[in-house]
Amino acid sequence: PNHFFMYKDIDGDRKKDFIFLDGNILEVYNSKDDLVFTHSFASTITERPLFFMFPGNTTALGIFETATREIWMLNQSGTPFKGFPLEGNTLFSIDLLNPRSKYYNLVCGNSEGCLVNYQLN
């Protein structure tokens, strides 16, 4: 029940990769079955990973760690983006809230039942 699979191009080579999340271990393999990266979390991940595509063929995986109430964004090599993890109590969404802005926004819920809007650089 704590296993997820995705088939997406995470490393930007225009070939889909195999993304496995089992318990607290995330593993990504390329189309040649070579390990691209692995990442361990402090607790079991119970929500499906999110895949994000940004301008410039930049991709990211979003992970919500329920037990620790942390939101993770991992880059193409499996390294957390600067400033992550963030505090959050729900799954999250990322988008441009203002089309003229150069910053993306990450919106999630917190433990007090409020929405939190993080500006991402």
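A residue counts as partly exposed when its relative accessible area lies between the limit for buried, under 20%, and the limit for exposed, over 50%. In the predicted model, Cys114 falls in this middle class, with a relative accessible area of 39%. Cys108, by contrast, is buried, and its relative accessible area is 2%. A disulfide requires two cysteine sulfur atoms within 2.5 Å. The sulfur of Cys108 has its closest cysteine sulfur in Cys114, at 11 Å, and is therefore too far away for a bond. Seen from Cys114, the closest cysteine sulfur is that of Cys108, again at 11 Å and too far for a bond.

Strand 10 spans residues 104–109 and pairs with strand 9, residues 93–95, in the antiparallel sense over 3 bridges. Within this pairing, Ile94 is placed opposite Leu106 of strand 10. Strand 10 is also joined to strand 11, residues 115–120, by 6 bridges, and these two strands run antiparallel. Gly109 faces Leu115 of strand 11 as its opposite residue. The hairpin of strand 10 and strand 11 has 5 residues between the strands, and Gly113 in this hairpin adopts a positive phi near 80 degrees.

A further set of 4 strands forms an open sheet with antiparallel pairing, in the order 5-6-7-8. Its edges are strand 5 (50–54) and strand 8 (86–87), each of which pairs on one side only. Strand 5 is paired with strand 6, residues 58–65, through 5 bridges in the antiparallel sense. Two residue pairs can be named for these strands. Phe51 is set opposite Leu61 of strand 6, and Phe54 has Thr58 of strand 6 as its bridge partner. The hairpin of strand 5 and strand 6 has 3 residues between the strands, and Gly56 in this hairpin takes a positive phi near 80 degrees. In a regular strand, side chains alternate between the two faces of the sheet.

Asp17 belongs to strand 2, which covers residues 17–22. The residue is buried but forms no salt bridge, and the nearest side chain of opposite charge, that of Lys15, is 9.1 Å away. A salt bridge would need a side-chain nitrogen of Lys or Arg within 4 Å of a carboxyl oxygen. A polar atom of the Asp17 side chain does, however, lie 2.8 Å from the backbone nitrogen of Ile10. With residues up to four places away in sequence not counted, Asp17 touches Met6, Tyr7, Lys8, Asp9, Ile10 and Asp11, and also Val28, Tyr29, Asn30 and Ser31.

Phe5 is located in strand 1, residues 3–8. The relative accessible area of Phe5 is 39%, and the residue is partly exposed. Apart from neighbours within four places in sequence, Phe5 is in contact with Phe18, Ile19, Phe20 and Arg48. The C-alpha atoms of Phe5 and Asn24 are 13 Å apart in space, with a separation of 19 residues in sequence.

Key:
Residues are numbered from 1 along each chain as its sequence is written. This is a predicted model: local features need pLDDT of at least 70, side-chain atom pairs count only at pLDDT 80 or more; totals for chains, interfaces and linings use all residues. Side-chain values use heavy atoms; hydrogens and water are left out. Buried means under 20% relative accessible area, exposed over 50%, partly exposed in between (1.4 Å probe, protein chains only). Two strands pair if DSSP finds at least two bridges between them. Lys and Arg count as positive and Asp and Glu as negative; His and the chain ends are not counted. A polar contact is a pair of N or O atoms within 3.5 Å; within protein, one must be able to donate a hydrogen and the other to accept it, and residues adjacent in sequence count only if both atoms are side-chain atoms. Contact means heavy atoms within 4.5 Å.
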